[in-house]
Amino acid sequence: MWFYEKKLQYPVRVSTCNPKLAKYLIEQYGGADGELAAALRYLNQRYTIPDKVVGLLTDIGTEEFAHLEMIATMVYKLTKDATPEQLKEAGLGEHYVNHDSALFYNNAAGTPWTATYIQAKGDPIADLYEDIAAEEKARATYQWIIDMSDDPDLNDGLRFLRQREIVHSQRFREAVEILKEERDRKKFF
Amino acid sequence: MNEKHQKSFTTVKSYRPFHSRYDPCKPIGVKYYSTPPNLFLGFQPPNLQQFSAKEALKKGTLWRFFYDYYENPYEKKGR
Ligand SMILES: [Fe+2]
């Protein structure tokens, strides 16, 4: 089960009214390498992975929901006061027609989230390598969004999220090392 | 932190994509990509240097080794 703490993992600030950034950010909300996909990928894979790394998948999968919440807050702040006209200018006219300014799980190009974005092969090494790749892809996505954004406060939050992807990738790499290790030669830190 | 775990690598690399005189756009020149610290350490060894708790919450990692600030490499050409 989960406990909910009613605050964000990292404070979200947005300094400029630029709904176009919301259109880019939504990639990390409902895109293939976004936070929703990440959370669901890890929390599902953990049932069929050796005990030693179940906790890691639970921890990281849980944290991804905290990231999802940060992205949602960013998108919301950027769109909540936008008129239909402003949304149209930002390339969000189609989104408005379908959702008003409600958030939805789709990528930056408007394609809805699909379970085919995630995998569960049941092979621990295959699954962890997928997770490592997913973290590197999320890291890259944050870079591309930072490159497109000139909002320093928003970028501050995005840099935090990118840093977390680096740490997650490291931990998944270590999980592979743990599963590779011979039984009688173990060391714990 | 042990000497050998000091950062002895760069986290930004670059290359020059081939540009033909028949390519329609002005060449971008250099393309950049990240090679973050997690590629270089293997299993994290004990006693790595930490940030203070307060700093760590801000930076997104407790461990100095893994911290990698990112900025748009195309904005600050040749960082
Ligand atoms: Fe992650």
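The iron ion is held by protein donors from chain A: Glu64(A) (OE), Glu135(A) (OE), Glu135(A) (OE), Glu165(A) (OE) and His168(A) (ND1), at 2.1 to 2.7 Å. Donors are N, O and S atoms within 2.8 Å of the metal (3.2 Å for Na, K and Ca); water is not among the atoms, so sites may look incomplete. Along the sequence, the donor residues follow the spacing E-x70-E-x29-E-x2-H. Glu64(A) belongs to helix 4 (residues 51-79) of chain A and Glu165(A) to helix 8 of chain A, so this pair ties together parts 101 residues apart in sequence. Helices (H or I, at least four residues) and strands (E, at least two) are DSSP runs, numbered from the N terminus. Glu64(A) is buried, with a relative accessible area of 0%. Glu165(A) is buried as well, at 2%. Buried means under 20% relative accessible area, exposed over 50%, and partly exposed in between (1.4 Å probe, protein chains only).

This is a predicted model, in which local features need pLDDT of at least 70 and side-chain atom pairs count only at pLDDT 80 or more, while totals for chains, interfaces and linings use all residues. Residues are numbered from 1 along each chain as its sequence is written, chains are lettered from A and ligands numbered from 1 in the order in which they are written, and side-chain values use heavy atoms, with hydrogens and water left out.

Rings of Phe, Tyr and Trp (its six-membered ring) pair if their centres lie within 6.5 Å; planes under 30 degrees apart count as stacked, over 60 as edge-to-face and the rest as tilted. Over all chains, the count by this rule is ten aromatic pairs. In one of them, the ring centres of Tyr42(A) and Phe172(A) are 4.8 Å apart and the planes stand at 55°, so the pair is tilted. Tyr42(A) comes from helix 3 (residues 35-45) of chain A and Phe172(A) from helix 8 (residues 152-180) of chain A; the pair links distant parts of the chain, 130 residues apart. Both Tyr42(A) and Phe172(A) are buried.

Chain B has its own ring pair between Phe9(B) and Phe65(B). Their centres are 5.6 Å apart and their planes at 65°, so the pair is edge-to-face. Phe9(B) sits in the segment before strand 1 (12-15) of chain B and Phe65(B) in the segment after helix 1 (53-59) of chain B, so parts 56 residues apart in sequence are tied together. Phe9(B) is buried, at 19% relative accessible area. Phe65(B) is buried too, at 3%. Ring pairs join Phe9(B), Phe40(B), Phe65(B) and Phe66(B) into a cluster.

Lys59(B) faces two rings. Its charged end sits over the ring of Phe51(B), 5.3 Å from the centre. The charged end of Lys59(B) also sits over the ring of Tyr67(B), 4.8 Å from the centre. A charge sits over a ring if NZ of Lys or CZ of Arg is within 6 Å of the ring centre and within 35 degrees of the ring normal.

Chain B comprises one helix and two strands, in the order β-β-α along the sequence. Buried residues account for 34% of its 79 residues. Of the contacts (heavy atoms within 4.5 Å) in chain B between residues at least 6 apart in sequence, 45% join residues at least 24 apart.

The contact between the chains takes 24 residues from chain B and 23 residues from chain A. Together the two chains bury about 2,000 Å², 51% of it on carbon and sulfur atoms. Buried area is the accessible area (1.4 Å probe) that two parts lose on being put together, summed over both. Asn38(B), Phe43(B) and Tyr70(B) supply 34% of the area that chain B buries against chain A, more than any other three residues. Two salt bridges cross this interface. A salt bridge is a side-chain nitrogen of Lys or Arg within 4 Å of a carboxyl oxygen of Asp or Glu. Asp68(B) and Arg162(A) form a salt bridge at 2.9 Å, N to O.

The whole structure holds eleven salt bridges over all chains. Lys7(A) and Glu5(A) form one at 3.2 Å, N to O, and both residues are exposed. Asp81(A) bridges to Lys80(A), with the closest N and O atoms 3.0 Å apart. Asp81(A) is exposed, at 60% relative accessible area, whereas Lys80(A) is partly exposed, at 40%. Arg139(A) and Glu136(A) meet at 2.8 Å, N to O. Both lie in helix 7 (residues 124-148) of chain A, three residues apart, about one turn of the helix. Arg139(A) and Glu136(A) are both buried. Salt bridges with shared partners join Glu136(A), Arg139(A) and Arg173(A) into one network.
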